Amino acid sequence: MNAKEMEVTLIKKEVVTVQLPKHEDHWLPLSNLDFCILHPLDFSIFFCYKKPTCKDNWTFVAMVEVLKKALKEALVPFYALAGEKVPNSMGEYKLHCNNRGVDFTDAFANVELQKLNLYEPDEIIGCKLVPKKKNGVLAVQATGFKCGGLVLACTFDHQIVDAYSAGMFLVSWAEIAQSKPFSSLPGANHFENRICLVKADIINQLQSQASTKESKRTKLESFSALLWKISAKSAKNKRVSKLGIVVDGRTMLSFGDKEKTSLMSSYFGNVLSIPYDTKKIDELIEKPLSWVANEVYGFLEGAKTKEHFLDLIDWVEAHRPVQSLAKVYSSGNKEGPALVVSSGQHFPISKVDFGWGKSAFGSFYFPWGGNAGYVMPIPSPSGNGDWVVYMHMLKRELELIKCEAANVFKPCTSDCLN
């Protein structure tokens, strides 16, 4: 059969998006190996299905409905496929995970499936059955045939997906359609959010364990050291782990001058830096908490100077207008787990009183979309020294906290409002 004998009618075209808004709008960098694939370069894969015999009411409409419904669910773990590539000022592409969606086309062919010329795919399969991807990362076309058969074709952006990855997605999509559990999920890191309460006496115990006769560590250094050990222990087949801590530069930029201190204390804007360090997983697990806390102290001290912040200001100025991102944020977990701890110890939560009393509870909520976890402890409104801790961390890290540090991190429930 030649191409002229086969007519394919486009019935409907729609954009299928992620069923649940589980993933916040964020950006993902492409890896160096992704950049080995030229842009633009798409590849397609198609599947020919004979008329189903296992169910009498498997019409083309019914099959397409199942495909679209399952696709909505499959795009939750494979949310990158619902995004789109956007070039930066240097011409390099990043993946914008904005739930742009997948173009899905319904079509119908006026011939029998058995008439397809599979040996020479250019004129029919390539031109009429495989979708041309104009936007996004993935395009899908489902074409019904007179005999009741179906051709499902997918076109992927090769700079985002290789054949192995495509196979993972397609199998998961098929498993969802049959209500089966996932046999394989993408290797991307899955962050989840939790809010916990850390009691004052526990914080004091951590500080005591993290300190030695020679050096007393701060509460934040001690707390961060514990989180670093937990993050390292959760690592799977990785060699190193990173920890970053947010440093407020207002004090450093005051230079010890009273007038400048007053001026900087009222400065509205960002005065932050995120110094970080990288350590071997084995060291973080095997060494005592005091050793880890000492390492935290070590990389923090270098950032607690006016020179550090002046150098940072100059560096950003020299690289403008290229946007600057903290390395631990943008590429944190490529070599192993990464975590950033922010210091909200002095956050004035008890002063946020609009006239009807102080808040009974308060917390940050910041699923920031970076490649590192994020933890923000702030004082409990009770003023008793307890901390309310917001955690945006890998699922496996949170599970380890629940198993091995339940005495430290108490889940915030409705009791926190009493």
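Is Asn 99 buried, partly exposed or exposed? Asn 99 is partly exposed, with a relative accessible area of 33%; buried means under 20% relative accessible area, exposed over 50%, and partly exposed in between, for a 1.4 Å probe and protein chains only.

This is a predicted model, in which local features need pLDDT of at least 70 and side-chain atom pairs count only at pLDDT 80 or more, whereas totals for chains, interfaces and linings use all residues. Residues are numbered from 1 along each chain as its sequence is written, and side-chain values use heavy atoms, with hydrogens and water left out.

**Overall architecture**

The protein chain contains 11 helices and 17 strands. Helices (H or I, at least four residues) and strands (E, at least two) are DSSP runs, numbered from the N terminus. Along the principal axes, the C-alpha atoms fill a box of roughly 85 × 50 × 50 Å. Of the 418 residues, 43% count as buried. Among contacts in the protein chain with a separation of 6 or more, 76% come from residues 24 or more positions apart; contact means heavy atoms within 4.5 Å.

Asn 99 belongs to the loop between strand 5 (93–97) and strand 6. The phi of Asn 99 is near 55°, a positive value in a residue other than glycine. Most residues other than glycine have a negative phi.

Strand pairing requires that DSSP finds at least two bridges between the two strands. The two pairings below are described with their residue partners.

| Strand pair | Sense | Bridges |
|---|---|---|
| Strand 6 (residues 102–109) and strand 7 | parallel | six bridges |
| Strand 9 (residues 191–198) and strand 17 | antiparallel | two bridges |

Thr 105 has Gln 141 of strand 7 as its bridge partner. In strand 7 (residues 138–144), seven of the seven residues are buried. Leu 138, Val 140, Ala 142 and Gly 144 point one way from this strand, while Ala 139, Gln 141 and Thr 143 point the other way.

An open sheet of seven strands has the order 13-10-14-15-16-9-17, with mixed pairing. Strand 13 (276–280) and strand 17 (410–411) are the edge strands, each pairing on one side only. Leu 197 stands opposite Lys 410 in strand 17. Helix 11 (residues 395–404) lies across strand 9 and strand 16 (387–394), and runs at about 135° to strand 16. Axes are lines fitted to C-alpha atoms, for helices over the stretch in contact, and angles run from 0 to 180 degrees between N-to-C directions.

**Helices 5 and 8**

The axes of helix 5 (residues 219–233) and helix 8 (residues 289–301) come within 8 Å and cross at roughly 115°. The two helices are therefore roughly perpendicular to each other, a term that covers angles of 65 to 115 degrees. Their contact involves Glu 221, Ser 222, Ala 225, Leu 226, Trp 228 and Lys 229 of helix 5, together with Leu 289, Val 292, Ala 293, Glu 295, Val 296, Tyr 297, Phe 299 and Leu 300 of helix 8. By class, the contact has 10 nonpolar, one polar and three charged residues. Ala, Val, Leu, Ile, Met, Phe, Trp, Tyr, Cys and Pro count as nonpolar, Asp, Glu, Lys and Arg as charged, and the others, Gly among them, as polar.

Ser 222, found in helix 5, is buried, with a relative accessible area of 0%. Leaving aside neighbours within four places in sequence, Ser 222 is in contact with Leu 206, Gln 207, Ala 210, Arg 217 and Leu 289.

How values were computed
Parallel < 35°, antiparallel > 145°, perpendicular 65-115°, else oblique.
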